[in-house]
Amino acid sequence: AMRHRRPSSHLDRFVWTVLFVSAVVAVGPTLSGQCPERSVPVVGLPAAGDEYGTSVDLAGDLAVIGSPGWAPTGGSDVGRVTLSLWNGVSWVSSELPRPASVVDDDRFGQSVAINEGQDVIVVGAPGHDAVAGQAGLVVIYERAPATGLWTVVEEFPGIFAEGHFGWSVAASGDLIAIGQPGGARALGTVS
C-alpha cells in the first residue's frame, strides 16, 4: 500500500509512506522522499502456504499482518496475526492471541484493521463454521492501557451459510465496519 501527502512547508516535494509485506517492511517518511528499508522479524518464519501479508494495516508505529493460511502441524488454514512494533531502532514482533473458537479452515487473519488510537484491533475469519458453513467470525481485541496486552473483548459470528462474515474489516476511532460478500442470496452486506 502506498500513501502520499504534501508537507505544508515543501509543497513541491512528496512524502511517501510505503509498507511492503512479504517478509520485509519498508517504512518512511522523509522530507527527501527516500524510504529506508527496515527488516521486520516474523514470529516463526513464514512457510509456503501461510499467505503472510494477505492483509495488513498500520497505525503509527504498529503494523498488523494477517496470515490466513498458517496452520500448526497437521492443521489446515487456521490463520494467525502478527503484530510488529517499531521501537525507533528495530521492529519487535509478537503474535496476537487466537481465541479457542478459531479452528481449521477458519482463515483467521484474512482481514485485519487497527484504529488510529492503537487500542482496538479487528480480525476477520471468514471461513468459521460455528453457526453455519463458512458463515464467518469477527474478533475484536482491546489493548489494556496499563499492561499493553491485547485481549479478546468480543466475538461476532456470521449467521448466513457461506456468508464469509469478516471477509473485510475496517476500524476508525470507535467505529467498526465488517464486510460479508456472500450469504442470503449472495447480495453481500456491510455491518
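Modeller: Start with the nonpolar core. The model is predicted. Its largest nonpolar core has 19 residues. Among them, L96, F108, I121, V123 and Y141 touch the most other members.

Biologist: Which strands supply at least two residues of this core?

Modeller: They are β6 (62–67), β7 (80–86), β9, β10 (120–125) and β11.

Biologist: What makes a set of residues a nonpolar core?

Modeller: The residues must be buried and nonpolar, and joined through side-chain atoms within 4.5 Å.

Biologist: Now the sheets. In which order do the four strands of the open sheet run?

Modeller: The order is β9-β10-β11-β12, with antiparallel pairing.

Biologist: Why are β9 and β12 called edge strands?

Modeller: β9 (111–114) and β12 (150–157) each pair on one side only. From one strand to the next, the twist averages 15°.

Biologist: How do you know that β11 and β12 pair?

Modeller: Pairing takes at least two bridges. Seven bridges join β11 (residues 137–143) to β12, and the two run antiparallel. One example is V139, whose bridge partner in β12 is E155.

Biologist: What about β14 and β15?

Modeller: Strand β14 (residues 175–180) pairs with β15 over two bridges, in the antiparallel sense. At least two are required, so the pair qualifies. G179 stands opposite V190 in β15. These strands belong to an open sheet of three, in the order β13-β14-β15. Its edge strands are β13 and β15 (189–190).

Biologist: How many bridges join β7 to β8?

Modeller: Five bridges join β7 to strand β8 (residues 91–95), again antiparallel. S84 has S93 as its bridge partner in β8. The hairpin of β7 and β8 has four residues between the strands. There, G88 takes a positive phi near 100°.

Biologist: Where do Q118 and E162 lie?

Modeller: Q118 lies in the loop between β9 and β10. E162 lies in the loop between β12 and β13.

Biologist: Is Q118 buried or exposed?

Modeller: Its relative accessible area is 15%. Buried means under 20%, so Q118 is buried.

Biologist: And E162, buried or exposed?

Modeller: E162 has a relative accessible area of 54%. Exposed means over 50%, so E162 is exposed.

Biologist: Why is F160 called partly exposed?

Modeller: F160 has 33% relative accessibility. That lies between the 20% and 50% limits, so F160 counts as partly exposed. F160 is in the loop between β12 and β13 (168–172). With V131 and I159, F160 forms a nonpolar patch on the surface. Together they have about 280 Å² of accessible area.

Biologist: How many salt bridges does the structure hold?

Modeller: The structure holds four.

Biologist: Why is the contact of R107 and E51 called a salt bridge?

Modeller: The N to O distance between their side chains is 2.5 Å. The limit is 4 Å, so the pair counts as a salt bridge. R107 is in the loop between β8 and β9, and E51 is in the loop between β4 (37–39) and β5 (55–59). They are 56 residues apart.

Biologist: What makes D77 and R107 a salt bridge?

Modeller: Their closest N and O atoms are 3.7 Å apart. That is within 4 Å, so the pair qualifies. D77 lies in the loop between β6 and β7, so the pair ties together parts that are 30 residues apart in sequence. E51, D77 and R107 are linked in a network of salt bridges.

Biologist: Is R107 buried or exposed?

Modeller: R107 has a relative accessible area of 19%. The cut-off for buried is under 20%, so R107 is buried. E51, at 34%, is partly exposed. D77, at 25%, is partly exposed too.

Biologist: How do you know that E95 and R80 form a salt bridge?

Modeller: The closest N and O atoms are 3.6 Å apart. This is within the 4 Å limit, so they form a salt bridge. E95 lies in strand β8 and R80 in strand β7. R80 is buried at 6%, whereas E95 is partly exposed at 29%.

Technical notes:
Residues are numbered from 1 along each chain as its sequence is written. This is a predicted model: local features need pLDDT of at least 70, side-chain atom pairs count only at pLDDT 80 or more; totals for chains, interfaces and linings use all residues. Side-chain values use heavy atoms; hydrogens and water are left out. Axes are lines fitted to C-alpha atoms, for helices over the stretch in contact, and angles run from 0 to 180 degrees between N-to-C directions. Buried means under 20% relative accessible area, exposed over 50%, partly exposed in between (1.4 Å probe, protein chains only). Patches are made of residues with over 30% relative accessible area and no salt bridge: like charges are joined within 9 Å, nonpolar side chains (Val, Leu, Ile, Met, Phe, Trp, Tyr) within 5 Å. Accessible areas come from the Shrake-Rupley method with a 1.4 Å probe; for residues, only the protein chains shown count as cover.
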